[in-house]
Amino acid sequence: QVQPVESGGGLVQAGGSLRLSCAPPRRTLTLDIMAWFRQAPGKEREFVAAIWSNNGNTAYVDSVKGRFTISRDRPKTSVYLQMTNLKPEDSALYYCAARLTPWPFSGTESLNSYNYWGQGTQVTVSS
């Protein structure tokens with residue numbers, strides 16, 4: 001596939017867990033960062049978590065620290081987002097994003113830093 005492909009969304013009760021998966025785009029460019037963003041109805045798309053390809057360093061938005069974990073499968077270069085203790089406010093369409101270089105960089109949390117996006121997978125948390 002030429003774009004990232006997400007899977008694993010669904011409906012879960014508050015306090016439950018879900019694991020999202022993302023297969024990276026098949027391109028000849030260099031994979032730098034893979035990240036997860038989310039967008040709730042009526043809100044802007046926001047950064048959730050990122051992982052660097054070269055060293056595995058990670059970054060998270062404050063609201064998910066301690067609850068979400070981003071990880072990678074190096075042989076397959078797939079990326080995962082393990083979400084625990086889910087809250088209703090986590091409900092959103094979750095997008096996988098990839099930064100393949102060369103591409104301008106305006107910060108890890110900036111949408112403009114990523115040049116490949118998946119179609120999104122829905123996560124709904126009921127109270």
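This is a predicted model: local features need pLDDT of at least 70, side-chain atom pairs count only at pLDDT 80 or more; totals for chains, interfaces and linings use all residues.
View 1. With neighbours within four places in sequence left aside, the contacts of asparagine 115 are Ala98, Arg99, Leu100 and Trp103.

**View 2. The ring pair of phenylalanine 37 and phenylalanine 47.** The structure holds four aromatic pairs. In the pair shown here, the ring centres of phenylalanine 37 and phenylalanine 47 are 5.7 Å apart and the planes stand at 75°, so the arrangement is edge-to-face; planes over 60 degrees apart are counted as such. Phenylalanine 37 belongs to strand 4 (residues 30-39) and phenylalanine 47 to strand 5 (residues 46-52), so the pair ties together parts that are ten residues apart in sequence. Phenylalanine 37 is buried, at a relative accessible area of 0%, and phenylalanine 47 is buried as well, at 4%.

**View 3. The ring pair of phenylalanine 37 and tyrosine 114.** The centres of the rings of phenylalanine 37 and tyrosine 114 lie 5.3 Å apart with the planes at 75°, so this pair is edge-to-face. Because phenylalanine 37 is in strand 4 and tyrosine 114 is in the loop between strand 9 (92-101) and strand 10 (116-117), the pair ties together parts that are 77 residues apart in sequence. Tyrosine 114 is buried, with a relative accessible area of 3%.

**View 4. The cluster of Phe37, Phe47, Tyr114 and Trp117.** Ring pairs link these four residues into a cluster. Arginine 45 lies over the face of one member of the cluster, tryptophan 117, at 5.0 Å from the ring centre.

**View 5. Arginine 19 and tyrosine 80.** The ring of tyrosine 80 has the charged end of arginine 19 sitting over it. The distance from that charged end to the centre of the tyrosine 80 ring is 4.0 Å.

Key:
Residues are numbered from 1 along each chain as its sequence is written. Side-chain values use heavy atoms; hydrogens and water are left out. Rings of Phe, Tyr and Trp (its six-membered ring) pair if their centres lie within 6.5 Å; planes under 30 degrees apart count as stacked, over 60 as edge-to-face and the rest as tilted. Helices (H or I, at least four residues) and strands (E, at least two) are DSSP runs, numbered from the N terminus. Buried means under 20% relative accessible area, exposed over 50%, partly exposed in between (1.4 Å probe, protein chains only). A charge sits over a ring if NZ of Lys or CZ of Arg is within 6 Å of the ring centre and within 35 degrees of the ring normal. Contact means heavy atoms within 4.5 Å.
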